[in-house]
Amino acid sequence: MIYTVTANPSLDHWMELDQFQMGRTNRCQKSTLMAGGKGLNVTQVLHNLHMDSMALGFVAGFVGDEIVRQVEKSGCLCRLIRLTEGCSRINVKLQCTLNDREETILGYGGEYDTTELNTAGPQIPADAMAALTEQLEQLESGDYLVLAGSVPSGASSALYADWMARLYGKDISVVVDASGETLLRTLSYHPFLVKPNHHELGELFGVTINGIEKAIFYGKQLQAQGARNVLVSMSKDGAVLCCENGAVYTQAAAKGETVVNDVGAGDSMIAGFLTGWIRTGDYRKALRYGAATGAATAFSKGLATKQEVERILAELEECA
């Protein structure tokens, strides 16, 4: 079973506008509410790819109720712990039509530019944190655990590392998608996979990652510190995978389509990578499936579907 932890989930309020002006009344043409947070995104894409997954984490207040309702309605399994105080966060995603601009943040040509307004979630009381820790200690040999996104308000950057310390030696493959100190503290527990993007990787070492060779060099530095496999997403430059067996694979980005949603593409890549790895045991195939899944989200207004992934996969270049 694949378990995902979203310690700080959200309800994402997507708004589409022709333009956005500060200090003025702006009217959106369309709005949508979607359960969000990196781990929940991974769970939902895994479900779309027909992979069993269980979402863990915390929810609070009326926003938390809606997050649970949406996750369960989508058919995903969840054991989200309800807090007695506070309220889960609402994040705003503004999608504005691009007129003269030629690129989105991903570096592809796109129709929209997305601006995110992310808030802080509730603090997690000790009893709730202990309850989640107990859930994690029930994982069994052969399970996968995805620790994704930011830690809750007031929590230590060592939170993920502390959980991994409790699981160490139990044959549980841990995927870490975090940044900064939170990621670095996990490396001594040898995560199965870490997935920084090229910006996050550069920030870890105080450099700019502006090419494949640099991504490989610094990806191997993370391996030297303990990571088994390092997957670096590089937007328009594709992705790099440094494998524990010494192999290095590169995957060109999917081409020829318009980016409409750059939120959740990295989470989708993780879901696709795990799907490919579990089904084939082949790192090259896992990288390719992960790249196709990330692109399927980037090219649509929702999260990747199996049909879209398979279509893109058929057109995607082979890994080098």
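These questions and answers cover aromatic pairs and salt bridges in a predicted model.

In this predicted model, local features need pLDDT of at least 70, side-chain atom pairs count only at pLDDT 80 or more, and totals for chains, interfaces and linings use all residues. Residues are numbered from 1 along each chain as its sequence is written, and side-chain values use heavy atoms, with hydrogens and water left out.

Q: Why is the pair of Y144 and F192 called edge-to-face?
A: Rings of Phe, Tyr and Trp (its six-membered ring) pair if their centres lie within 6.5 Å; planes under 30 degrees apart count as stacked, over 60 as edge-to-face and the rest as tilted. Y144 and F192 lie 5.9 Å apart, centre to centre, with 80 degrees between the planes. So the pair is edge-to-face.

Q: What makes the pair of F192 and W277 tilted?
A: The angle between their planes is 40 degrees, and the centres are 5.9 Å apart. The pair is therefore neither stacked nor edge-to-face, but tilted.

Q: Why does F192 count as buried?
A: Buried means under 20% relative accessible area, exposed over 50%, partly exposed in between (1.4 Å probe, protein chains only). F192 has 2%, so F192 is buried. Y144, at 13%, is also buried.

Q: What makes R82 and D65 a salt bridge?
A: The term needs a side-chain nitrogen of Lys or Arg within 4 Å of a carboxyl oxygen of Asp or Glu. Here the closest N and O atoms are 2.5 Å apart, so the pair qualifies.

Q: Why is R82 called partly exposed?
A: Its relative accessible area is 49%, so R82 falls in the partly exposed range. D65 is partly exposed too, at 42%.
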